[in-house]
Amino acid sequence: MFEVSSVFYLHVALWAVGLHGVWEYAQVIPLYRCWGRWTRWQRIWVLPAATLGDAVATVAFAAGTAALLGPESVQPLTMAGAATLLGVGLAAGLVFETVARALDLWHYEDAMPTLRVAGHRIGAVPVLQMTILPTLAVALAT
């Protein structure tokens, strides 16, 4: 029986940290209102913490896809695996961002394109991030 190795998941995690880290730092100043009001310590720890959380979610999505479709769906990434990762990422992005906005965790600059979900305006860019980057990380890890 084929199994996905822990080395593969480590590679997924490393790609995820790199991809999500670049994305997080690229979007924070032009699209969010938090940078100007954050303390020095918040500027130091919030984005790395968000990046690590995104990487953990990416590995969980990959492991879940492997459990659902079989390990051969993620290593190497098949069309079915990619479609599942894209769907899970989109759903997770919508849920994560809707909950964060409902809890008033952050605010957007006017430049942030938004969607209306469950009565909240949520950022399209972070939803796009969680839709695309987990699939890309898995593809690059193979």
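**View 1. Helices α1 and α4 run roughly antiparallel to each other.** The axes of the two helices come within 8 Å and cross at roughly 150°, and α1 passes α4 in a right-handed crossing. This is a predicted model, in which local features need pLDDT of at least 70 and side-chain atom pairs count only at pLDDT 80 or more, while totals for chains, interfaces and linings use all residues. Residues are numbered from 1 along each chain as its sequence is written, and side-chain values use heavy atoms, with hydrogens and water left out.

Helices (H or I, at least four residues) and strands (E, at least two) are DSSP runs, numbered from the N terminus. Axes are lines fitted to C-alpha atoms, for helices over the stretch in contact, and angles run from 0 to 180 degrees between N-to-C directions; those under 35 degrees count as roughly parallel, over 145 as roughly antiparallel, 65 to 115 as roughly perpendicular and the rest as oblique. A crossing is left-handed if the near helix is turned anticlockwise from the far one by less than a right angle, and right-handed if clockwise.

Where α1 and α4 meet, the residues on the α1 side include Phe 8, Val 12, Trp 15, Leu 19 and Trp 23, and those on the α4 side include Val 125, Leu 128, Met 130, Leu 133 and Val 138. Contact here means heavy atoms within 4.5 Å.

**View 2. Helix α1 has a series of buried residues, among them Phe 8, Ala 16, Gly 21 and Leu 31.** A residue is called buried under 20% relative accessible area, exposed over 50% and partly exposed in between, with a 1.4 Å probe and protein chains only. Tyr 9, His 20, Glu 24 and Gln 27 are also among the buried residues of α1, and what covers the buried residues of this helix includes α2 and α4. The expected span of a helix is 1.5 Å times one less than its number of residues; at 1.5 Å a residue, the 26 residues of α1 should therefore span 38 Å, and the 36 Å between its end C-alpha atoms agrees with this.

**View 3. The largest nonpolar core of the model has 14 residues.** Such a core is a set of buried Ala, Val, Leu, Ile, Met, Phe, Trp, Tyr and Cys residues joined through side-chain atoms within 4.5 Å. The residues with the most contacts inside this core are Val 4, Phe 8, Tyr 9, Val 12, Phe 61, Val 74 and Val 138. At least two core residues come from each of α1 (6-31), α2 (40-69), α3 (79-102) and α4 (124-141), and α2 gives the most, with four. Once its neighbours within four places in sequence are left aside, Phe 8 is in contact with Val 74, Gln 75, Val 138, Ala 141 and Thr 142. Apart from this core lies another, of 12 residues, which include Val 28, Cys 34, Val 46 and Val 125.

**View 4. Helices α2 and α4 are roughly perpendicular to each other.** They pack at an angle of about 65°, with their axes 10 Å apart, and α2 passes α4 in a right-handed crossing. In this pairing, Asp 54, Ala 57, Thr 58, Phe 61 and Ala 62 of α2 meet Gln 129, Met 130, Pro 134, Ala 137 and Val 138 of α4.

View 5. Helix α3 itself has 24 residues and reaches 34 Å from its first C-alpha to its last, close to the 34 Å expected at 1.5 Å a residue. Gly 81, Leu 85, Gly 93 and Glu 97 are among its buried residues, and what covers the buried residues of α3 includes α2, β1 (114-117), β2 (120-123) and α4.

**View 6. Asp 104 and Ala 118 have positive phi angles although neither is a glycine.** Asp 104, with a phi of about 60°, lies in the loop between α3 and β1 and counts as partly exposed because its relative accessibility is 47%. Ala 118, with a phi of about 50°, lies in the loop between β1 and β2 and counts as exposed at 66% relative accessibility.

**View 7. Thr 114 has its place in strand β1.** At 26% relative accessibility, Thr 114 counts as partly exposed. Residues up to four places away in sequence not being counted, Thr 114 touches Tyr 108, Arg 121, Ile 122, Gly 123 and Ala 124. Thr 114 and Ala 124 are 10 residues apart in sequence, yet 5.0 Å apart in space, C-alpha to C-alpha.
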